[in-house]
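Trainee: Please show me the model. I would like to go through a strand and a helix pair.

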Amino acid sequence: MTLAPLQEHGGLRGRDRELAELEALVTRARTGTSGALVVSGAAGIGKTALLDRLVGLAAPQVRVQRMVASEPEGELAYAGLQQLCGHMLGAAAHLPPPQAAALEAAFGLRSGAPSPFLVGLAVLGLLTEAAGDRALLVVIDDAQWLDVASARAVAVAARRLEAEGVAIVLAMRTVGPDFADLPQLALEGLGNDDARALLALAVPGTIDRRVRDQLIAEAGGNPMALQELPRALSPAEIAGGYALAASLPLEHRIEASLLAQLAPLPERTRLLLLLAAADPTGDPRLLWRASALLGLGPADVDAAEQAGALTVGTRVGFRHSLVRSAVYRAASAEDRRRAHAALAEATEPGRDPDRRAWHRAAATLLPDEDVAADLERSARRARERGGVAAAAAFLTRAAELSPDPGRLARRLIAAAEAKHDAGAQDAALGLLDAAGDLPLSALQQAQVVRLRARSEYELHRDRSGPRRLLAAAQGLEGLDDTLARDTYIEALAAALYAGRLGDAGVVHDVARAILEATEDDDSDRARDLILRGQALLAVEGRAAALPTLRRALRAFRDNEPDDLELRWMWFGCQAARDLLDDDDLRALAARQVELARAEGVLTVLPIALNFQMAALLLDGRLDRFAAICDEVDAIQSVTASPLPPYGRIIGAAFRGRVEEVQARAERFLPDAQARGEGNALAAVHYAQAVVCNGAGRFADAVASARRDLAYTHEASFSARALPELVEAAVRTGDHALAAEALEHLTRVTEPEGDAWARGVTACARAQVSDDLEEAELLHRAAIDHFARGRMPLLEGRARLVYGERLRAAGDDTRAEDAREQLRAAHALLDACGAAGFAQRAARELAGTGETLRVRAPEAIANLTDQELNVARLAREGLTNRDIGARLFISARTAEYHLRKVFVKLGLSSRAELKTALAELD
């Protein structure tokens, strides 16, 4: 008995449109334009047949790299990636060092937890090298079985494809969250005519019309069902006695048909097939060793191949993944354990200890401490390589096999923590429920409470979260003080983030509890100082908190941070911002970004990058915003971080993009309201006020900024909106509101502040003042503060309002002074990329009869943001590889953009970039 080949006669009926779309993807790759496509559809719908045809059409003009993911492999970190590009590691020498190091850590070649983002970029680099001077087609079938770490790395690479000549096609049954934002091609069932034709090929003889119609209806256009279901029918049934089968899912019906065809095979051959199905590696040497342990030999392999179920070459493969799953599911539990036991014994412990541990676990029925301990060691290795999801799977199975209740509880809690860190909060809560039924120590009980509070807060982000976290922190006091402090910071951060939408009084309650818990603490550690300092700020105000916060900032800047301090350095950045300490904000944001990148701490990096964007605003570097936002988006896509997209909306606001800000606000505000995140609301209102002030829509700016007037004690974006409110209120003639906003601003800036605080206060007072002479002194003081503080964007805005004030005075003797300020304002704002404010300055200048000098040649104005970013870095002497690493693109894409820059600017070498871009500086 042999299995009939799929898609007999090579037919691909009804797939012309889908095949054309895939061919177009490969054609674009051959011209240098990369892309990715996710092909989805039910089992048997024809994904593999479509990929087979695509690969046949692509070769030999295109290099092909193909792999099939397998379900058993899904629990092993980076197992899929090793299969896809493990043989390409020789090209890692061409990667930027951080990417090469991350890839080596992922493959266990060096210690350390790799950043999934950096691993993904490394995969992009390897695929680019593999493409060489031809295009590369990467085909990943059954991608739904990729392990979490590999799926995220592949998704990062796929999202950042641009000009490498690489096409990635992923086939999966349902599209998972990692690939949801990639281009999609969903396969549907065949039409009626094609289904009839395919059925006729599967049953070439006469078939009763009613049976035919029923088969077509039941198959629902699924090609594999159309071919396999008739093979399970007897001649009598085909002739007219076919009755509708039980309502099994179609996938199971197809599997049943496949098994029926394999049933006549000898028991030894079926055991050999089970052994191959249980091994996800497809390593023929492993299959030979394991089969020998079960008393099987080459004759059994030959029989499996002759049956059309198995192929053995450089890899062991099944005709279709459904054959593998059907064989494995149909086997008895005892036979499955025998197969896994043989595979465990045949796997070399030193070479592949984690797969060996997993096979041992699958072969074990009763609790076994030796096997459980082996799994726990694998979990530790998986965590070290960044495979948190894999660590959670190992620990969960280790708990199931733990005979000792104490070890069982410890492993359940560890598994729950790993599930939490992997973003699987529901699973974490389920494990905590199981742990709650066991005898726990006081510390373990407190750990369960903490993990439950953290998981529920991540799931719901609701108003009760801060109090649950506070209770968890208090429960850890005296049991694990370090963990208690860490949880106190989480509670306070959650409370502050909720702000006005949170539980009334929760910030005060959390902060008061922190002060009581740290009353006698004289620690000089940055994390302890920032905890107490932020609590003092919340309860007693700026003056009381200032000395402690200053010590915290010094400790963050001067001392080497441990893991917890790195995690909470962003709280130091927030303190620097709230204290209006621009120098510390710049230094701390840069330091945390550098450390988080170097150590691959993706839970920290997005927050650190957001604070770096705040520092970039001070520096007037709006050109860097898009690149950082891209990085944040990429990281969030692999970590499922819920951090709101502050950078996008604020960057758009300063660039004067009114429609974009409003569109983002409409998407952002309902979610912020639903989650109870007051700080997010303030960010949106701030962005709306900025963009409206830049556009001269002062009434709209007032409407947005005044919403946060009652919450300026929360600092952050509410306080940052105060200068916007002063400016807009003055321009709308609401002097009472302007004075009220100035009073709030003075309270915020009065205790202490650097150039930003002194500058914005002087500028606001100047605008409110009725005395032109006094106002001029204040305007000039503001300009001086911003200039000395290296804040060109704010200096430009200060010059703008000063020039507008001079022009509005109507004094002809001051007209030239007004033009001088407006010219300088336009130059500064235009150079920063603050288009809205620059255009406002241009309109004022035009009113004076001033003719503006074009700031850059028209060709430069035609460069895209990415082209400008590449050109600037190339001007600084960076190689294409270094540019790619800095901008998170491939070296080939950097080269592509640089070629376009050369063409647009008429350049022939990098040396000419300095002169060509001089007008931008």
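Trainee: Which residue of β4 is the bridge partner of Leu136?
Mentor: This is a predicted model, where local features need pLDDT of at least 70, side-chain atom pairs count only at pLDDT 80 or more, and totals for chains, interfaces and linings use all residues. Residues are numbered from 1 along each chain as its sequence is written, and side-chain values use heavy atoms, without hydrogens and water. β3 and strand β4 (residues 166-172) pair in the parallel sense over 5 bridges; pairing takes at least two DSSP bridges, and strands are DSSP E runs of at least two residues, helices H or I runs of at least four. In β4, the partner of Leu136 is Val166.

Trainee: Which helix does the chain cross through from β3 to β4?
Mentor: This β-α-β crossover is right-handed, that is, clockwise from first strand over helix to second with the strands pointing away from the viewer. The helix spans residues 148-159 and is α6.

Trainee: How many residues of β3 are buried?
Mentor: Buried means under 20% relative accessible area with a 1.4 Å probe, protein chains only. Leu136, Val138 and Ile140 point one way, Leu137, Val139 and Asp141 the other. Strand β3 (residues 136-141) is mostly covered, and the buried count is 6 of 6.

Trainee: How are α18 and α19 oriented to each other, roughly parallel or roughly antiparallel?
Mentor: Helix α18 (residues 369-384) and helix α19 (residues 388-400) pack at about 170°, axes 8 Å apart. Axes are fitted to C-alpha atoms over the stretch in contact, and angles run from 0 to 180 degrees between N-to-C directions. Under 35 degrees is roughly parallel, over 145 roughly antiparallel. The pair is therefore roughly antiparallel.

Terms used: Buried means under 20% relative accessible area, exposed over 50%, partly exposed in between (1.4 Å probe, protein chains only). Angles under 35 degrees count as roughly parallel, over 145 as roughly antiparallel, 65 to 115 as roughly perpendicular and the rest as oblique.
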